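Dear colleague,

Please find below the structure that I am handing over to you. My notes on what was found in it follow directly after.

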Amino acid sequence: NGQKKTIEIGSLYNKNKFEQIGKEHYFDLGPDGRPVLIVLLKEKSSNSHILFINAHMPQGYNIKKLGEGKPDEVIANKINEEIKNMENQELIENARIILTTDSNDAKNEWIRKITINGKKLNGGSNYKPTCCTTLIRNKNDRSRSERRVRYGDIILDSQSSENSFKYKYPKEEEGKAYSDHAPI
């Protein structure tokens with residue numbers, strides 16, 4: 001009906017360990033209101049910098065509306081264009097990049113190929129499907145974890161080699177509410 005939906009995104013960091021440098025940068029990826037928030041952080045203990053990107057990626061059919069090419073290239077091009085609009089380019093150039101995202105890459109086909117600011121991002125080991133079910137109790141002898149059949153929720157890091165970190169997935173308890181995406 002022509003109305004836009006308002007979708008927000010937030011990122012939390014420990015102010016005792018990190019200091020925000022400059023202004024955060026916010027934009028939408030695509031026509032369906034998929035927010036991206038980028039924050040440049042300085043790690044106080046080492047004076048190194050992290051470009052922290054928190055993104056809710058578009059569905060596959062909307063990635064095609066952003067540009068020509070493979071999904072990882074289309075998304076990376078859009079994010080790289082936006083990074084150029086940020087302050088402190090000299091710090092961003094050498095910063096470690098951490099991207100947290102609901103990639104909507106349900107079959108794990110492209111998100112692990114993404115390169116941001118010329119840096120390959122790695123996704124760690126024991127990555128598993130986290131999407132999607134709203135069940136609180138087993139249904140038809142199937143648990144929530146058995147219904148999580150789609151990939152998408154991932155953490156990517158330019159500093160790490162491919163299997164240098166492991167995901168921690170919280171235990172789901174029968175009868176207790178839990179996100180439709182298993183948090184990581």
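Buried residues (under 20% relative accessible area, with exposed over 50% and partly exposed in between, for a 1.4 Å probe and protein chains only) make up 42% of the 184 residues in the protein chain. This is a predicted model, in which local features need pLDDT of at least 70 and side-chain atom pairs count only at pLDDT 80 or more, while totals for chains, interfaces and linings use all residues. Residues are numbered from 1 along each chain as its sequence is written, and side-chain values use heavy atoms, with hydrogens and water left out.

Overall fold

The protein chain has four helices and seven strands, which are DSSP runs numbered from the N terminus (helices: H or I, at least four residues; strands: E, at least two). From the N terminus on, their order is β-β-β-α-α-α-β-β-β-α-β. The radius of gyration, taken over C-alpha atoms, is 17 Å, close to the 16 Å that the globule rule (2.2 Å times the number of residues to the power 0.38) gives for 184 residues, so the chain is as compact as a globular protein of that length. Along its principal axes, the C-alpha trace spans about 55 × 45 × 30 Å. Of the contacts (heavy atoms within 4.5 Å) with a separation of 6 or more, 65% are between residues 24 or more positions apart.

Aromatic pairs

The structure holds four aromatic pairs, that is, rings of Phe, Tyr and Trp (its six-membered ring) with centres within 6.5 Å; planes under 30 degrees apart count as stacked, over 60 as edge-to-face and the rest as tilted. The rings of Tyr 127 and Tyr 151 have centres 5.1 Å apart and planes at 40 degrees, so this pair is tilted. The pair links distant parts of the chain, 24 residues apart: Tyr 127 belongs to the loop between β6 (119-120) and α4 (144-147), and Tyr 151 to the loop between α4 and β7 (153-157). Tyr 127 counts as buried at 11% relative accessibility, whereas Tyr 151, at 26%, counts as partly exposed. Ring pairs join Tyr 127, Tyr 151, Phe 165, Tyr 167 and Tyr 169 into a cluster. Lys 128 lies over the face of Tyr 169, at 4.4 Å from the ring centre; the criterion is NZ of Lys or CZ of Arg within 6 Å of the ring centre and within 35 degrees of the ring normal.

Thr 130 is in the loop between β6 and α4 and counts as buried, at 0% relative accessibility. Its side chain makes a polar contact of 2.3 Å with that of Asp 153; such a contact is a pair of N or O atoms within 3.5 Å, where within protein one must be able to donate a hydrogen and the other to accept it, and residues adjacent in sequence count only if both atoms are side-chain atoms. Ser 160 is located in the segment after β7, and its side chain has a polar contact of 3.3 Å with that of Ser 164.

Backbone geometry

Most residues other than glycine have a negative phi, and most peptide bonds are trans. The peptide bond from Cys 131 to Cys 132 is cis, with omega near 0 degrees. Asn 47, in the loop between β2 (35-43) and β3 (48-56), has a positive phi near 60 degrees.

Kind regards
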